[in-house]
Amino acid sequence: MRLIKTSVFLVVTLLFSCNEKEALQTKITSPDNTIQIEFNLSEKGEPTYNVQFKNDEVIKKSTLGFDLKEAPSLKENFTLLNSSISSFNEVWEMPWGEQTEVENKYNELKLELQEVSELKRNLTVVFRVYNDGLGFRYEFPEQENLSEVIITDENTQFNLAGDHKVWWIPGDWDIYEHLYNTTKLSKIDALSKANHSNLAQTYIPENAVNTPVTMKTESGLHLSFHEASLVDYSGMTLKIDTVNFAMTSELVGSEITGYKVKRSVPFNTPWRTIQIAEQAGDLIESKLIVNLNEPNKLGDVSWFKPTKYTGIWWEMHLGKSSWDMASGKHGATTKNAKAFIDFSAKNNIGAVLVEGWNTGWEHWIGFEDREGVFDFVTPYPDYDIKEVVRYGKENGVEIVMHHETSAATETYEKQQDTAYALMQSLGIHTVKTGYVGKILPKGEYHHGQYMVNQYNNAVIKAAKYEVAINAHEPIKATGLRRTYPNTISREGLRGQEFNAWALDGGNPPEHLPIVAFTRMLAGPIDYTPGIFDIKFDKYKTENQINTTIAQQLALYVVIYSPVQMAADLIENYEGNPALQFIKDVGVDWQKTKVLNGEIGDFVTIARKEKNSENWFVGGITNENEREMDIAFDFLNTNDVYEATIYEDAENAHWNDNPTAINIRKIEITNQSNLKLKLASGGGFSISILKK
Ligand code: NOJ
Ligand code: CA
């Protein structure tokens with residue numbers, strides 16, 4: 001990531017003695033003056049803050065603080081020792097992403113607090129305010145009376161100004177693979193979602209939600225709450241107070257330690273973030289989360305190339321083949337892998353994922369003791385890994401490695417060097433990891449500090465072997481892809497796989513129009529789109545995809561990931577003219593523009609390919625059919641383009657007629673307008689190639 005320009009101004013630094021503290025700076029606004037944050041100490045010396053957007057109150061007076069183990073809480077009796085305001089402005093470059101250049105422009109307010117009590121412990125609160133939202137974090141500076149903190153609760157409050165409409169998933173400590181709920185804040189009832197037949201792990205102890213959680217106020221403002229730079233700390237859920245319309249941070253815990261976080265001082269917490277937007281689509285264009293992370297620590301990462309991929313994967317979820325060999329229908333054979341390589345090479349797809357290639361799958365799930373089951377280096381006898389890799393290279397197709405850790409963390413940690421070294425020796429640069437099942441050691445949760453460190457350490461270690469990670473059952477994305485670009489993508493939502501086997505009917509048509517404004521704000525998603533055989537009755541009559549085929553195509557543009565799967569079986573693609581879109585569509589972008597969108601209803605995104613003049617547009621709708629007017633004013637003036645439109649046919653419908661698609665070509669310029677009809681559960685995609 002090249003740094004294009006940076007400037008830092010220290011505007012005011014004031015040092016006052018206690019009796020002069022009225023004069024200290026405690027207010028800050030965004031560079032465009034629309035967002036204002038005010039910090040105060042209450043009469044009891046509690047740190048408080050509030051946030052305003054134009055004339056709207058966003059966060060009413062809310063308190064900040066911690067409960068600690070075997071030490072008094074850090075929450076009151078503070079005095080403000082010092083405060084400073086500074087400004088920062090840079091443009092940095094993403095090695096791959098939704099856009100090449102990112103503006104990182106903010107004003108910062110730093111408040112240095114000290115207890116008036118005997119202990120005189122110090123705590124610093126830092127606010128950064130951008131035009132698209134804000135982040136704040138706690139900093140524990142080096143000090144005499146505090147060398148280690150054991151946090152039993154972080155009590156960061158977000159007192160909302162009303163009973164907003166909220167798109168939420170439960171604050172599960174173990175998994176994010178829930179359907180979104182749309183309710184008023186006062187009606188959030190996460191505990192009613194606690195019994196889930198589809199999940200290999202789940203634990204919802206409180207009426208809390210996971211982040212990003214997005215909401216809309218009565219006055220039409222959009223807010224999304226999340227965190228940035230989650231490093232050596234626990235994931236944050238937000239506990240809901242349905243009476244006072246408030247949320248308080250509830251960190252993920254551990255049955256083993258009984259606390260939430262243990263750190264030695266000095267250290268900084270992750271940023272607590274609030275994205276603020278008048279238009280829903282601006283939430284998607286916001287770069288707040290990556291901006292609040294540190295710059296690239298890996299240097300040159302050009303060994304990874306964004307790519308489309310196919311894989312020996314959907315067939316297991318359909319039951320056509322299996323991961324293990326004992327079943328007699330092993331999917332990961334040399335022959336099958338070569339068929340996927342041939343198909344990919346023919347269709348401009350750069351990689352093939354092979355799941356079930358390594359021994360151990362006979363024992364991976366349901367087994368209490370999963371440690372030692374997988375070694376990540378021993379292939380099944382019918383899979384000649386060297387030959388598959390060689391054949392791939394000959395055809396310009398890379399293999400994507402698969403490490404299903406089965407959440408047996410000690411085994412994986414021990415094996416990582418050997419496993420990544422094998423990949424490096426084979427010239428494989430991407431691994432899909434999985435963490436299905438309850439975490440071993442028992443008592444840890446997927447989203448607690450122990451696992452945050454597992455996921456982050458894996459990424460750091462993998463980088464040494466030029467390996468990039470696409471994690472499933474991951475910790476949420478918090479923008480660390482800026483610091484460690486090899487954390488390329490992840491699951492962390494109800495992915496396409498649920499459509500193959502979920503007992504509750506799969507992902508409803510509203511799922512992705514919500515995901516685009518919630519989960520996607522955190523970072524890239526490995527959703528695995530592109531299923532053409534929507535009903536797959538040959539394998540399962542009870543399950544299906546709940547979108548039209550045109551929407552499956554639109555997802556290549558709407559959902560961002562630098563690894564984008566063409567997930568269906570080869571035989572379902574062969575001969576289908578819609579495959580041309582998957583063949584043409586880019587995976588790495590110079591620019592992204594959200595053309596329209598309402599949370600849970602619809603969204604249309606246009607993206608310009610990184611190294612070409614081509615644009616791709618994708619639009620999706622929920623269960624409601626609708627018409628859309630698309631203006632192409634984002635194209636270059638004076639250029640003429642050939643647009644291929646893939647749209648729902650007249651009578652298309654996600655359930656009644658999902659594969660009815662109409663493909664047509666037209667010439668367009670930046671003066672063109674197009675009216676498109678989206679079916680119920682439908683969508684459209686357009687490839688716009690410069691003539
Ligand atoms: C769960 C992942 O989400 C899925 O993609 C994978 O096939 C299985 N685990 C097996 O690793
Ligand atoms: Ca999963």
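**Figure 1. The shell around ligand 1, sorted by residue class.** Four nonpolar, three polar and six charged residues make up the shell around ligand 1 in this predicted model. For the classes, Ala, Val, Leu, Ile, Met, Phe, Trp, Tyr, Cys and Pro count as nonpolar, Asp, Glu, Lys and Arg as charged, and the others, Gly among them, as polar. In total 13 residues surround the ligand, and the closest are Glu355, Glu404, Lys432, His472 and Glu497; a residue is near a molecule if one of its heavy atoms lies within 4 Å of it. As you explore, note that this is a predicted model in which local features need pLDDT of at least 70 and side-chain atom pairs count only at pLDDT 80 or more, while totals for chains, interfaces and linings use all residues. Residues are numbered from 1 along each chain as its sequence is written, chains are lettered from A and ligands numbered from 1 in the order in which they are written, and side-chain values use heavy atoms, with hydrogens and water left out.

**Figure 2. Polar contacts to ligand 1.** A polar contact here is a pair of N or O atoms within 3.5 Å; within protein, one must be able to donate a hydrogen and the other to accept it, and residues adjacent in sequence count only if both atoms are side-chain atoms. Glutamate 497 places a polar side-chain atom 2.8 Å from an oxygen atom of ligand 1. For histidine 317, a side-chain N or O atom is 2.9 Å from a ligand oxygen, and for glutamate 473 the polar side-chain atom lies 3.1 Å from an oxygen of the ligand. Taken alone, ligand 1 exposes 300 Å², and the protein buries 96% of that; these accessible areas come from the Shrake-Rupley method with a 1.4 Å probe.

Figure 3. The whole structure holds 35 aromatic pairs, where rings of Phe, Tyr and Trp (its six-membered ring) pair if their centres lie within 6.5 Å, and planes under 30 degrees apart count as stacked, over 60 as edge-to-face and the rest as tilted. Tyrosine 49 and phenylalanine 136 have ring centres 4.9 Å apart and planes at 50°, so this pair is tilted. Tyrosine 49 belongs to strand 4 (residues 47–53) and phenylalanine 136 to strand 11 (residues 133–140), 87 residues apart; helices (H or I, at least four residues) and strands (E, at least two) are DSSP runs, numbered from the N terminus. Tyrosine 49 is buried at 0% relative accessible area, and phenylalanine 136 is also buried at 0%. Buried means under 20% relative accessible area, exposed over 50%, and partly exposed in between (1.4 Å probe, protein chains only). Tryptophan 314 and phenylalanine 536 form an edge-to-face pair, 5.7 Å centre to centre with 85° between the planes. Tryptophan 314 sits in helix 3 (residues 314–318), and phenylalanine 536, 222 residues apart from it, is in the loop between helix 9 (511–515) and helix 10 (549–558).

**Figure 4. An aromatic cluster and two charges over rings.** One aromatic cluster includes Trp323, Trp361, Phe374, Tyr412 and Tyr465. Elsewhere in this view, the charged end of arginine 482 sits over the ring of tryptophan 92, 4.0 Å from its centre. Lysine 338 has its charged end over the ring of tyrosine 391, 4.9 Å from the centre. A charge sits over a ring if NZ of Lys or CZ of Arg is within 6 Å of the ring centre and within 35 degrees of the ring normal.

Figure 5. Threonine 405 is in the loop between strand 26 (398–404) and helix 6 (409–426) and is buried at 3% relative accessibility. A polar atom of the threonine 405 side chain lies 2.7 Å from the backbone oxygen of glycine 434 and one lies 3.0 Å from the backbone nitrogen of alanine 407. Lysine 260, in the loop between strand 20 (246–251) and strand 21 (261–264), is buried at 11%. A polar atom of the lysine 260 side chain lies 3.0 Å from the backbone oxygen of leucine 251.

Figure 6. Phenylalanine 245 has a positive phi of about 55° although it is not a glycine, and phenylalanine 245 is partly exposed at 25%.
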